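Take a look at the fold below.

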Amino acid sequence: MIALQTATVLAAVFLSTANSAATPTASYLPQTSPTYLPSFPAQTGVITSWPPADPSAPLPSGPLSTATLTLSGYPTMNVPVANASVDPNIIPIMNLIDWTHVPDAPVTTNTTIVPAGDPYCWWTQGGCVTPKISYIPPDIYICPVPDTWGLTYDDGPMYYYPVTPENSVWAEPNLYDFLLAHNNQKANLFYIGSKIMGAPIAAQRGLNDGHTICVHTWSHPLMTTLTNAEVVAEFYYGLRMIKEVLGITPKCWRPPYGDVDDRVRAIAWQMGLRTIIWDQDTNDWQIVGDQVAPTSSSISYATANNTVEGWIANHVKGNDTQHGHITLEHELSNATITLAEFWLPTIQKLYQTMPATACNNIAQPYWEESFVYPIQGDQAVSTNGTAVGGSTSSNGTTTPKIVSSAATKSTQVMGSVMTLVVAAIMASLL
Ligand SMILES: [Zn+2]
């Protein structure tokens, strides 16, 4: 068992090191810390570094503070930025960007058909994740190490206005408290700027609980349908909101609906952002119900549930050994939170669960270097997301590691098959 465990861990380390998608190289266009964002005073009660000074101190949980924040200077919530090309905040950024390194891809419409050869690597039609330009890194879309599940929750923070006992059952901090109570689980939270404006205190809870925050634009548009100035504005106001409320500047973003091409990627990269997609989509965002109006593509809760069940059954059968996965889930509605919380305990038994940034060995996902998160690839056994030991980099920063044992997980998998069967039967009865 010990030999197997060692060999497995070595293989895991090799695979993660060999994942060229995870580590931008010198051949890519250099990135610099964004200078285009204003400075803001630190918010009261928001952490300014990670890990916590006292790792044994309990993380915040329970009802959110009723404090309010005054946030001004932002566009209308939940709609693309009007008049971006003449916006005095956007014009200086347009002048900073090297447009010789932004492909002149056409703005798309809902009738656009991808040209032969997919010259601009448009994910929406064909799922392209490797740019056709050499100066931009590939999208991150999997966890390279098998048996790993990259947890990502989009479209938060989740809140309701007006809040009533009926509609706010699953609003934050419900999911954050659930994650904390389940092995102190960490995840990526892809926040929409407009949603943070509506629920800034919930966003602060997400950061304070140790989750890794990435930006999911200002208003959640199809990014390839926007002009260059509008694309810049979506990044700018999303990032500005995160910086003002949370004091951090993410290096990671996810395109709404996955709608990205090389034009949008190149603008994102020059604004300091790496693109993160996914390879497993629960389609939970299409579950018809609260906050999600029926459309022609709506699905039932049972359909989304069956999707997750299918992945897990495939995994348990041993048909899922190529690499780990980044899974798209949402903190968007009561239905999406219900689905997420129903499956998390089973997923934790069967996979190493961690943020998608962690499974891609990104320890410092913000431009602020005081935040250093655990990453995959270590030698001991622990609970999910718990930092044990660590390594010291050349700049003296200690990088804690998420620790796990694939061998131990295999034992857990065998023991979990019966649990899974029971869960599947239960799910089919819902
Ligand atoms: Zn989204």
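Gly156 stands opposite Tyr191 in strand S3. This is a predicted model. Gly156 lies in strand S2, which covers residues 148-156.

Strand S8 (residues 324-330) pairs with S2 over 6 bridges, in the parallel sense. Here Trp149 has His325 as its bridge partner. Strand S9 (residues 352-355) is joined to S2 by 4 bridges, and these strands also run parallel. In S9, Trp149 is partnered by Thr353.

Is S2 enclosed or open? Of its 9 residues, 9 are buried, so the strand is largely enclosed by the rest of the structure.

Now turn to the helices. Two packed helices are described by the angle between their axes and the distance between the axes. For H6 (residues 228-246) and H7 (residues 262-270), the angle is about 45° and the axes are 10 Å apart. H6 and H7 are therefore oblique to each other. The crossing of H6 past H7 is right-handed. H6 contributes Asn228, Val231, Val232 and Phe235 to the contact, while H7 contributes Val264, Ile267 and Ala268. Of these residues, 6 are nonpolar, 1 is polar and none is charged.

Finally, the whole protein. Its secondary structure comes to 11 helices and 13 strands. Of its 430 residues, 45% are buried. Among contacts with a separation of 6 or more, 79% link residues 24 or more positions apart.

How values were computed: Residues are numbered from 1 along each chain as its sequence is written. This is a predicted model: local features need pLDDT of at least 70, side-chain atom pairs count only at pLDDT 80 or more; totals for chains, interfaces and linings use all residues. Axes are lines fitted to C-alpha atoms, for helices over the stretch in contact, and angles run from 0 to 180 degrees between N-to-C directions. Helices (H or I, at least four residues) and strands (E, at least two) are DSSP runs, numbered from the N terminus. Angles under 35 degrees count as roughly parallel, over 145 as roughly antiparallel, 65 to 115 as roughly perpendicular and the rest as oblique. A crossing is left-handed if the near helix is turned anticlockwise from the far one by less than a right angle, and right-handed if clockwise. Two residues are in contact if their C-beta atoms, placed from the backbone, lie within 7 Å. Ala, Val, Leu, Ile, Met, Phe, Trp, Tyr, Cys and Pro count as nonpolar, Asp, Glu, Lys and Arg as charged, and the others, Gly among them, as polar. A residue is buried if 20 or more other C-beta atoms lie within 10 Å of its own, exposed if 12 or fewer, and partly exposed in between; C-beta atoms are placed from the backbone. Two strands pair if DSSP finds at least two bridges between them.
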